[in-house]
Number of protein chains: 2
Amino acid sequence: MKSPYQFIDTPALLIDNELMESNLDFMQKKADQYHANLRPHTKTHKMPELAKLQLLKGAYGITVAKVGEAEVMAEHGLTNIFIANEIVGISKLERIKALNRKIKLRIGVDNEYQINQLEEVFKNEEKAIEVLIEVEVGENRSGVITDDQLLNLAKHIKNSKKVVLKGVFSHEGHSYKAKTIEDCIKAANESQQRTLRSGTMLRELGIDIDTISIGATPSMMHAGIIEGITEIRPGTYIFMDVGQGSAIQDFTKCAATVLVTVISKPTDERIVLDAGAKSLTSQNRSEGICATQGYGLVKNSNGIRLSGVFDEHGLIYNKEFRNSIEIGDKIEIIPNHICPTCNLYEKAYLVSKGSILREIPILCKGKTQ
Amino acid sequence: MKSPYQFIDTPALLIDNELMESNLDFMQKKADQYHANLRPHTKTHKMPELAKLQLLKGAYGITVAKVGEAEVMAEHGLTNIFIANEIVGISKLERIKALNRKIKLRIGVDNEYQINQLEEVFKNEEKAIEVLIEVEVGENRSGVITDDQLLNLAKHIKNSKKVVLKGVFSHEGHSYKAKTIEDCIKAANESQQRTLRSGTMLRELGIDIDTISIGATPSMMHAGIIEGITEIRPGTYIFMDVGQGSAIQDFTKCAATVLVTVISKPTDERIVLDAGAKSLTSQNRSEGICATQGYGLVKNSNGIRLSGVFDEHGLIYNKEFRNSIEIGDKIEIIPNHICPTCNLYEKAYLVSKGSILREIPILCKGKTQ
């Protein structure tokens, strides 16, 4: 399990080029098959270079979570961006206004407060701001829940001058917690139907919407896309991770790993690594098809996992593995959740068959505002 | 619970100046009282400016976890640094060699492999490298465990030409998981005694050591320091956090908070915040005096906690709080674990009584190599 990348200093983020390309091709093919636009969520990788690769392969545009991510992506040539999040606050909306002049931009909304703020900020603006209403479909997070909330918000937008409603979006994030693949597919179908129904309600109000957008990686790995859905927004599929690998019972598609060094072997079964919560995060998922055990999986191992992480240390307990590896050796760990892990690195090494192809800067790192 | 810092964009890291100063004074007084050197672990704050403030208040030197942190601290005028970690790998040891020429540097060791690598890297070097042996004292992580391991390693170092053994260090990290304060104090005392005994064994080998170093925040908040201990290395005390606040049953000493914005209130009890795992981490502690519930505590609230975090969202369920706060309002969250949280920010706002004193760059952010 010693990595071929012994010459890279650690901890370091590696991306296997072939695995990533294969993951990208899979999802593009899926979107094409169902005649839906693919608008990948780039908060996973945070790299304009990979966003552009996704476009090259056929993606329609990109999704981001934050204004700061949209700004960096726009600076690097991405011109069709959806911020799938409720953006609130005058300073952020001023930045949205500036960005809206340059690119095709949309943002998420789920409350009237936002619309009123947008009207205020955009009042002297020639180009209106296009928005999609978020519809909650089972993950108890953001988005309108009741028909009344949806219709009231839609009417409020209809009466506004500088905000144009272009559709609805949802995130079936609860599919991560589905108990079985069948439950995941069921959740995906129900979420799609509910989102479609919300779209129909807007059309019945006489609003000319063009977008009904859904998507999360676990559901898009398994479920179909119902006719009428115009757009899918999965993100994690580009790299996969332990959570996603668990859902498909296959870790060989995981394209991103953290290269770490063995720094100590204090007992006959314990290995100490030079990477912990600040290099791998300390996340795990407790339930459902994406549940993860431990704090990261040794690549190409038969289920060897980190049993714990401290800030800068990781621990593995495994006698056989301990004896097969030397202090100083470098191994690759598949992170439990790749999205917050990428956010910890300035750059990734794009690698292929033992060689470094190039370094890719993670330019949206830390752009949480 | 609305923060006075409504004009700062979010998510943002705030440090309350008075609370931080008070925390710094407490620990310096403790060290002075017991005639021990305070060598604060700066991996918590990662800011050279605050490291210098710690020296101004009487600290003897600083501790860091990584070579990269030591390099940044040295560049900014810190000249007495202990890397309390096993540094392995030729490229890192070459950096250690360069740093050792400029400042008073020490590193941790717990295995012969490291000593051999140090001998190789330092063979033509005039100035030897000073090391401390890590002794495991109850937290099952790194460090020598048995007397034989200690003595064999000490003899190995004694026979080396460019590695000078100056003492022992331990980290009573298991004090975080102590069931009661009494257990925490007991763990601290036992750890100190074991570390002292290791020091005595080295002196009996004829090795002229000057340092017996211990320290973690929970134990140093409660326990005394046994005579013979020359140095303490707590880190988190500068800011405290939900874990540390739990251990002292007092959250009013927490000096660092994450300012977040309420972006949605989709139900009559749910609040959605614009900060999640990428701004607060998703850590919690499951057991002991530092156990944390939820994913962060609303400052100055009577126990209102985040019930969950997504990458970029946080959730609070509380009807009364929900009705007392508006979309767009900014509130302060005390993170569960401040060390990996600081690592997510480029800068912190040093604040006092409603005003920003200045911005402090977090220059060691991401220096995990």
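This note walks through selected features of a predicted model with chains A and B.

1. Ground rules. In this predicted model, local features need pLDDT of at least 70 and side-chain atom pairs count only at pLDDT 80 or more, while totals for chains, interfaces and linings use all residues. Residues are numbered from 1 along each chain as its sequence is written, chains are lettered from A and ligands numbered from 1 in the order in which they are written, and side-chain values use heavy atoms, without hydrogens and water. Helices (H or I, at least four residues) and strands (E, at least two) are DSSP runs, numbered from the N terminus.

2. The open sheet of chain A. Eight strands form an open sheet in chain A, in the order 2-9-8-7-6-5-4-3, with parallel pairing. Two strands count as paired if DSSP finds at least two bridges between them. Strands of a sheet pair through backbone hydrogen bonds, either parallel or antiparallel. Which strands sit at the edges? They are strand 2 (37-38) and strand 3 (62-64) of chain A, each pairing on one side only.

3. Strand 3 of chain A runs parallel to strand 4 (residues 80-86) of chain A, with three bridges between them. Here A:Val64 stands opposite A:Ile83 of strand 4.

4. Helix 6 of chain A. This helix spans residues 147-158, 12 residues in total. Its first and last C-alpha atoms lie 16 Å apart, close to the 16 Å expected at 1.5 Å a residue. The expected span is 1.5 Å times one less than the number of residues. The buried residues of helix 6 are A:Leu150, A:Leu153, A:Ala154 and A:Ile157. Buried means under 20% relative accessible area, exposed over 50%, and partly exposed in between (1.4 Å probe, protein chains only). Why do these residues lie on the same side of helix 6? They cover an arc of only 100° around the axis, which puts them on the same side. The arc is that of the directions from the helix axis to the C-beta atoms.

5. What covers that side. The cover over the buried residues of helix 6 of chain A includes strand 5 (104-109), helix 5 (112-121), strand 6 (129-134), strand 7 (163-169) and helix 7 (181-204) of chain A. Contact means heavy atoms within 4.5 Å.

6. A loop residue. A:Thr230 sits in the loop between helix 8 (217-222) and strand 9 (231-232) of chain A. It is partly exposed, at 21% relative accessibility. Leaving out residues up to four places away in sequence, A:Thr230 touches A:Ala36, A:Asn37, A:Asp210, A:Thr211 and A:Ile212. A:Leu196 is 34 residues from A:Thr230 in sequence, and their C-alpha atoms are 9.7 Å apart.

7. Aromatic pairs. Rings of Phe, Tyr and Trp (its six-membered ring) pair if their centres lie within 6.5 Å; planes under 30 degrees apart count as stacked, over 60 as edge-to-face and the rest as tilted. One of the pairs is A:Tyr5 with A:Phe7: centres 6.3 Å apart, planes at 65°, so edge-to-face. A:Tyr5 is buried at 4% relative accessible area, whereas A:Phe7 is exposed at 55%. B:Phe82 and B:Phe169 are also edge-to-face, with centres 4.9 Å apart and planes at 85°. This pair links distant parts of the chain, 87 residues apart: B:Phe82 lies in strand 4 (residues 80-86) and B:Phe169 in strand 7 (residues 163-169) of chain B. Both B:Phe82 and B:Phe169 are buried.

8. Charges over rings, between chains. The charged end of A:Arg141 sits over the ring of B:Phe310, 4.7 Å from its centre. B:Arg141 lies over the face of A:Phe310, at 4.7 Å from the ring centre. The criterion is NZ of Lys or CZ of Arg within 6 Å of the ring centre and within 35 degrees of the ring normal.

9. Strand 10 of chain B. Nine of the nine residues of this strand (residues 256-264) are buried, so it is largely enclosed by the rest of the structure. Strand 1 (residues 12-16) of chain B joins it through four antiparallel bridges, with B:Ile15 partnered by B:Ala256. Strand 15 (residues 330-334) of chain B also pairs antiparallel with strand 10, over four bridges; B:Val258 stands opposite B:Ile333 there.

10. On to strand 11 of chain B. A hairpin of five residues leads from strand 10 to strand 11 of chain B. Two antiparallel bridges pair strand 10 with strand 11 (residues 270-273), and B:Val262 has B:Leu273 as its bridge partner. B:Arg270 and B:Val272 point one way from strand 11, B:Ile271 and B:Leu273 the other way, and all are buried. Strand 14 (residues 314-317) of chain B runs antiparallel to strand 11, joined by four bridges. In that pairing, B:Arg270 is partnered by B:Tyr317.
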